[in-house]
Amino acid sequence: CASQTRLIDYTFSRAQDTKGQFGLYWAEPDHKQLSDLMRQQFLADGGREAERLVISTKRSWVNVAQEVEQTVRSWALGPVLRRPFIGWISSWNAKCGIASSSEHLIEQLPESVMVFAPRNVEQHGEDDAQVVRCWDMTQDTLIDLNDALQKYGINALMIQFNYGFFEFSAFAAFLSTQVARQVKIIVTLHSTTDMNPDRQLATLIPALTLCHRVLVHSTADLNRLKELGLTDNVALFPLGVKDVPVVSLQPKKIGSTLSRRSGSTSFLIATYGFFLPHKGLMEIVDAISLLRAEGCNVMLNMINAEYPIDESAALIHQVQTKINEMGLSKYIRLTTRFLADEESLAHMRLADLIVYPYQETGESASAAVRFGLASMRPVAVTPLAIFDDVGCAVFRLPGFTPAKLAQG
């Protein structure tokens, strides 16, 4: 029977019949390869009756159930797990989506967590006692980080990975060192798309193979890692949506603003997220100009915080200049300071529609769009793969240009 066994290739895809459950996926077999192998087997001479007999006896429901039971019992008789002393490596207390996501996840953990954060970032507040700053983004050897983990007795480690966080060879060596120390390691890959020839994810595969789990945000990530030979320890972990009671989102006095909902016939659009080039913020301003030229009474509230890089400040200046030159200052408002989550959500609650006009990006999933969903307002997005995981909950715009955005 073994000589007749054939394995076929597959790709990961979102499960279709989930009965309301979110984030499920399955392996979709290569249909052509499967049909070719079935045809070959059908045309082959002899052996079929023997195979049928082996399958019916050795792979019966009873035998398979017994194998599963034996496996579970072997786990139960295994060594008792040590109490976890959890370390969390991430950007923290910074103007960064990964920092915010980490904070939201840690809030829900029953165990206490020690956060190991970078030194060379701009903080937007004071650190708590459980935060240790002991590494530098991009070029660090991570020696100080390794020493800090040993000092605090960390035996379980969650690592938030982004391409700009670590020098790859140092990061690979760091993972190998922690595995040798018998630390349980979970790595969350927030992107799997190589955008820089000097930072190729393939170089990290041997080290990632050693980790207990590698978490990704989309089936596209699963397939990219599969192409690189990494599947056994990989799992889908969708980004979450902040659970905020609607009553807490009622806006307080939020200053001079375009926000309004009752007693006006204007249609208020909002954008949200960091002020960066790939967010499509210049394009949405042009789209508002087109709509107003057509007689549509639309207004735009841009809740887009400045990111701590020069490129963000320059883009804010360009957009503000464009708004003034187009005579749209009465209809478009910019809020570029970093707001607390509750204040951002209160602004979004006042909009008729929240738009994410993203252009091309290598990101796997969007944390910003989940804030739009948390506000319980309608959300529209551009047709990018980054929004595929929330596709059933958003409206898809027909394109990326100002004209297509306006049309949508």
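Which residues form one aromatic cluster with Trp135? I listed Trp135, Phe161, Tyr163, Phe165, Phe166, Phe168 and Phe171 as its members.

I worked on a predicted model, in which local features need pLDDT of at least 70, side-chain atom pairs count only at pLDDT 80 or more, and totals for chains, interfaces and linings use all residues. Residues are numbered from 1 along each chain as its sequence is written, and side-chain values use heavy atoms, with hydrogens and water left out.

Rings of Phe, Tyr and Trp (its six-membered ring) pair if their centres lie within 6.5 Å; planes under 30 degrees apart count as stacked, over 60 as edge-to-face and the rest as tilted.

I looked up Trp135 and Phe166: the pair is stacked because the ring centres are 5.1 Å apart and the planes stand at 20 degrees. I placed Trp135 in strand E5 (residues 131-135) and Phe166 in the loop between strand E6 (156-161) and helix H6 (168-180), so the pair ties together parts 31 residues apart in sequence. Helices (H or I, at least four residues) and strands (E, at least two) are DSSP runs, numbered from the N terminus.

I then checked burial, where buried means under 20% relative accessible area, exposed over 50%, and partly exposed in between (1.4 Å probe, protein chains only). Trp135 is buried at 0%, and Phe166 is buried at 2%.

I noted that Phe166 also forms a stacked pair with Phe161, at 6.3 Å centre to centre and 20 degrees between the planes. Phe161 is buried, with 0% relative accessibility.
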